[in-house]
Amino acid sequence: MPAPISVVIPTLNAASELAAGLGSLMEGLAAGLIREVVISDGGSSDETVQLAEEAGANLVSGPASRGGQLRRGCAAARGDWFLVLHADTQLSPGWSEEVARHLQEGQGHPAYFRLRFRAKGGWPAWVAGWANLRARVFGLPYGDQGLLIRRESYFAAQQYPDQPLMEDVVLVRRLKGLTPLAAEARTSATRYQRQGWLRRGTRNLLTLLRFLLGADPKKLARSYQK
């Protein structure tokens, strides 16, 4: 019987982070959980594609747009479950046990990880704490918390929309029974450290509010990336 999970990772010039993220998946391979890794690349000019090929990943290529990349990646995936991760995310040791337990006992519900930044101090803890609270109370985990979802549930929720921003919010708002996993998605803090924790956190919140009020994702993406 094939392993149940296809890991799907969107990439764009992610060579500096991808190897460590793939390394954190090794325990899932050893546990017989991971059937394949699908790298959906958006036109990287660094060594991302080479790393993906050396890792034996299934490589899918197309225009840069996180929603579109995820949509193509999931379309190419063959597993009964999809585990969607960002390229700069590293799963905490023991994650495979939590995922295996969820597959057996989670009644088919979609699930996500607790967010933690790979940085020390009060600000990283506070921002991650808010993200975990938002996910638990409002049912809005972002993509950097990962998403474990059954194939049938994913397609029933109409897949990721092909848009450059908030594609994760669109999808999870269509899902029922989102469940937190007792394992961490440890993500890079580079953007927060570069822009400032308060500034970046406030910007993220305002972007979410503008999107929920109907702002165009393409315009939001242009503003978000400045």
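Ser-188 is buried, since its relative accessible area is 14% (buried is under 20%, exposed over 50%, partly exposed in between, with a 1.4 Å probe and protein chains only). This is a predicted model, so local features need pLDDT of at least 70 and side-chain atom pairs count only at pLDDT 80 or more, while totals for chains, interfaces and linings use all residues. Residues are numbered from 1 along each chain as its sequence is written, and side-chain values use heavy atoms, with hydrogens and water left out.

Let's stay with that serine. Ser-188 sits in the loop between β8 (179-187) and α9 (190-195); helices (H or I, at least four residues) and strands (E, at least two) are DSSP runs, numbered from the N terminus. Its side chain makes a polar contact with the side chain of Thr-190, at 2.9 Å. Such a contact is a pair of N or O atoms within 3.5 Å; within protein, one must be able to donate a hydrogen and the other to accept it, and residues adjacent in sequence count only if both atoms are side-chain atoms. Setting aside neighbours within four places in sequence, Ser-188 is in contact (heavy atoms within 4.5 Å) with Glu-17, Asp-88, Phe-117 and Arg-118.

Phe-117 takes us to the aromatic rings. The structure holds 8 aromatic pairs. In one of them, the ring centres of Phe-117 and Tyr-192 are 5.0 Å apart and the planes are at 65 degrees, so the pair is edge-to-face. That pair ties together distant parts of the chain: Phe-117 belongs to strand β6 (residues 111-117) and Tyr-192 to helix α9, 75 residues apart. For the cut-offs, rings of Phe, Tyr and Trp (its six-membered ring) pair if their centres lie within 6.5 Å; planes under 30 degrees apart count as stacked, over 60 as edge-to-face and the rest as tilted.

Tyr-154 and Phe-155 form another edge-to-face aromatic pair, 5.0 Å centre to centre with 75 degrees between the planes. Here Tyr-154 is buried at 0% relative accessibility, whereas Phe-155 is partly exposed at 34%. Ring pairs also link Phe-82, Tyr-154, Phe-155 and Tyr-160 into a cluster.

Finally, over to helix α10, where Leu-198 is found. At 54% relative accessibility, Leu-198 counts as exposed.
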